[in-house]
Structures are given as structure tokens and as C-alpha cells.
Amino acid sequence: MSESENKKIITALSLQGGGALGAYEYGVLKALFSVRGKNFFPKVVSGVSIGAINAAILVGAKEDPLATLDKLWRERFCVTWPMYSWLPSFAFFPPGVPRPLADISEQNLSVLGNPGMYRLKQEFLSAPFFAPSQTSSIYDTDLLKETLTEFVDPDKLNQPEKTRLIVTAVNVRTGEYAKFDNSKTTLTLDHIIASGSFPVTFPMTKIDGDYYWDGGIFLNMPLGVAVNALEQVEPDNPDIEREVIMIALHRMSGALPRTLAEASERFYNLLFSSKFATDSKLFNKYGTFVDLMQKIDKSLPADSPIRDHEGYKDLIRHRKIDRALVIGETGAGAFGSGSDFSRKTLNRRIEDGFNDAMAYFTSDREKGLA
């Protein structure tokens with residue numbers, strides 16, 4: 001058995017934002033827990049936007065987290081035409097012909113609202129022509145607050161000794177990146193909602209007198225906060241390996257768009273992708289640098305004045321991340337629009353996330369840096 005196999009692995013999850021693409025994230029998590037076994041649970045979970053919602057369920061679910069995520073995505077966040085849920089396929093079309101109009105309508109039905117997340121503001125129903133000058137968002141998120149209240153135990157969100165939970169947002173007034181960390185503040189459901197308050201679709205979320213928007217508009221893969229938190233877990237234990245697992249909902253590479261819908265989807269993928277593939281060489285250099293600093297620290301005399309330098313103290317606090325895994329950049333990926341909450345699409349995304357992750361975890365890619 002190798003030295004590496006003797007070490008305990010501690011894991012950080014980084015969950016990206018992407019609206020309805022979050023169903024894919026659940027599929028990946030389902031595969032991860034299946035492969036790692038019943039005793040597995042990440043020491044750090046970071047999330048933004050829909051990733052923050054998935055993170056809150058994973059860490060703070062009142063009942064089994066995976067069962068709760070399944071109910072969330074297959075039932076609560078699912079948008080369907082009731083009239084199509086029970087009619088056979090030949091009700092509107094001849095036998096053997098799919099129901100394209102039904103599928104298309106369901107894929108766009110979420111513009112009217114989502115039963116577990118948001119609904120149109122009253123202004124757009126009573127006076128739609130004047131609404132844009134009367135409000136700063138199209139929907140309200142009261143339904144999301146109700147869903148989270150039903151599913152999440154706030155006390156479980158605030159147990160950093162078990163799992164460090166960090167969600168991110170942007171302060172609307174100052175433009176500063178906000179990191180809501182359960183090791184530094186008591187997380188509430190409003191912190192989770194703030195992380196997913198995507199402008200101008202959803203309203204700003206007020207917390208302690210400040211107003212916040214979705215953290216994804218600043219950084220849509222909360223990798224840095226996950227790495228920093230993971231470095232702080234058992235920092236002086238030489239017998240552990242640190243890994244960070246990123247679930248990418250916006251793929252960097254993609255086909256050339258042929259339609260306006262495809263062009264819009266491609267634009268959002270490029271805008272909100274993690275860009276980790278671009279930075280992977282830098283990430284590896286960072287690991288080499290951390291190794292070097294640890295060797296310098298061991299060889300430096302105990303009474304060296306360099307040890308009192310603030311810069312040196314900061315540098316030697318860092319710990320190497322032994323593995324960085326990215327799931328979603330290969331395989332089926334999280335296809336389609338982030339506004340498509342139709343049952344057919346969500347179920348497919350869950351299945352694709354599960355299958356992509358299972359393929360990844362059984363391949364050689366999991367054994368080294370992705």
C-alpha cells in the first residue's frame with residue numbers, strides 16, 4: 001500500500017450557480033455519495049446561487065439530504081402543465097409522434113413562475129406597463145423562503161465543526177464580494193436566498209441593513225473560499241490529503257450556435273463558466289509553491305528573524321490541495337437553459353449528472369489533478 005493510500009482524504013465541494021442546471025449538480029452529488037460510501041461527508045461545502053441552495057440542503061436538511069434534494073428537484077422545483085401530466089402521448093398527436101408543442105411550452109413555462117422558488121410580482125399582473133418603473137425585480141422569492149423553511153434546519157447549517165458551509169453574494173451598494181461563512185457568522189435562510197438573488201430577475205435580499213445580489217455575478221465558482229477553508233482543516237496533520245471537487249454547470253467548450261436560443265445559452269456558458277481549465281496550470285504551480293514553502297520552513301533555523309515577518313507567516317499557513325476534480329466539463333454536461341424547469345429536462349439533467357460523475361469517479365482522472 002502506498003503512502004498516499006494510508007492518508008485520510010478530506011474533501012471540499014464547490015457548487016456553481018446556474019438556475020435549473022442545478023438538477024445536474026444533484027445528480028453528481030448522488031453519484032459522489034454512492035461511490036464514497038455511507039461514512040463520507042465533505043468537510044467544506046461552498047456554493048453560489050442555485051449551488052448555495054443545493055449546499056444548504058446537503059448540509060442542513062431536516063431529513064436525509066439526498067432524499068430531500070431528490071424531492072426538491074423532481075417535485076418542488078419542477079414546472080409542468082397539469083393538463084399534460086396525465087394525458088397520453090396520442091392525446092394531441094398521432095401515435096408515435098412526440099408532443100413537441102407540449103415540451104416547448106413546458107420548457108418555457110417557468111417564465112410565469114416556479115411553485116417552489118418564485119412568482120411574478122403583483123405589479124406585473126395589475127399594471128405590467130408601469131411595473132418596470134415601480135419595482136427593481138420581476139419576481140419575488142417568498143416561495144423559496146417557504147421551501148427552505150420546510151426542508152432546512154438552520155441549526156444544522158451552523159455546525160462548522162462538522163462541515164464548513166460558505167455561500168457568497170455581492171453587496172449591491174458597495175459592489176464588494178460577501179462570503180457568508182458558518183465559522184464566522186450564524187447563517188440564516190436569508191443568506192442562502194441572498195446568494196441566489198440574481199438581478200433583475202429576483203429582488204435584492206436585505207441582511208443586517210445591507211442589500212445583496214447573487215454572488216455568481218462576481219464569481220460563479222466559489223473555489224477560492226473552498227480552498228481557503230480546506231487549508232484550515234487539520235493544518236498540522238501530515239497524514240491527510242486535501243481534495244476539492246468542483247461541479248461545473250457552465251461548460252467552457254461548446255458547439256457553434258445556430259439559433260438565437262443557442263447563442264444565448266453559449267453566451268451564458270462563457271460568461272459564468274468556472275475558467276478552471278484555463279487556470280489549472282497556475283493551480284498546479286500553486287501546489288508546488290506550497291510544497292516549497294513547507295520545506296523552507298522545516299530547514300529554516302528556529303531563531304531566524306524571517307519567521308517573524310508577516311509575509312512569511314502568511315505564506316506558511318497555506319496547505320497543498322492534492323487533487324482538484326472538475327465534473328461537468330466532460331460527458332453530457334448540464335445541457336440547456338438555466339430557466340428550463342420542465343419535468344422532462346430536470347429528470348434528464350439528474351440522470352446525466354449521475355452518469356457523468358460515475359464515469360469520472362471510475363476513471364483515472366480521479367486519481368490525479370483534473
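Author: On a 1 Å grid over the protein atoms alone, a pocket is an open set of points where a 1.4 Å probe fits, with protein on both sides within 12 Å along at least five of seven lines. A volume is the space filled by probe spheres set on the points, which are joined across faces, edges and corners. This is a predicted model: local features need pLDDT of at least 70, side-chain atom pairs need 80 or more, and totals for linings use all residues. Residues are numbered from 1 along each chain, and side-chain values use heavy atoms, without hydrogens or water.

Reader: What volume does the second largest pocket have?

Author: About 530 Å³. Of its 18 lining residues (an atom within 4 Å of a point), P238, D291, Q294, K298 and R319 are closest to the centre.

Reader: How many residues of that lining are charged?

Author: Asp, Glu, Lys and Arg count as charged. By that rule, 11 are charged, beside 4 nonpolar and 3 polar.

Reader: Why is D153 called partly exposed?

Author: Buried means under 20% relative accessible area, exposed over 50%, and partly exposed in between (1.4 Å probe, protein chains only). D153 has 23% relative accessibility, so D153 counts as partly exposed.

Reader: Which residues does D153 touch, leaving aside neighbours within four places in sequence?

Author: Contact means heavy atoms within 4.5 Å. D153 is in contact with G60 and K62.

Reader: Which residues of helix α3 are buried?

Author: Helices are DSSP runs (H or I, at least four residues), numbered from the N terminus. In α3, residues 65–76, the buried ones are T68, L69, L72 and W73.

Reader: What puts them on the same side of α3?

Author: The arc is taken from the directions from the helix axis to the C-beta atoms. These residues cover only 125°, so they sit on the same side of α3.

Notes. Helix = DSSP H or I, 4+ residues; strand = E, 2+ residues; numbered from the N terminus.
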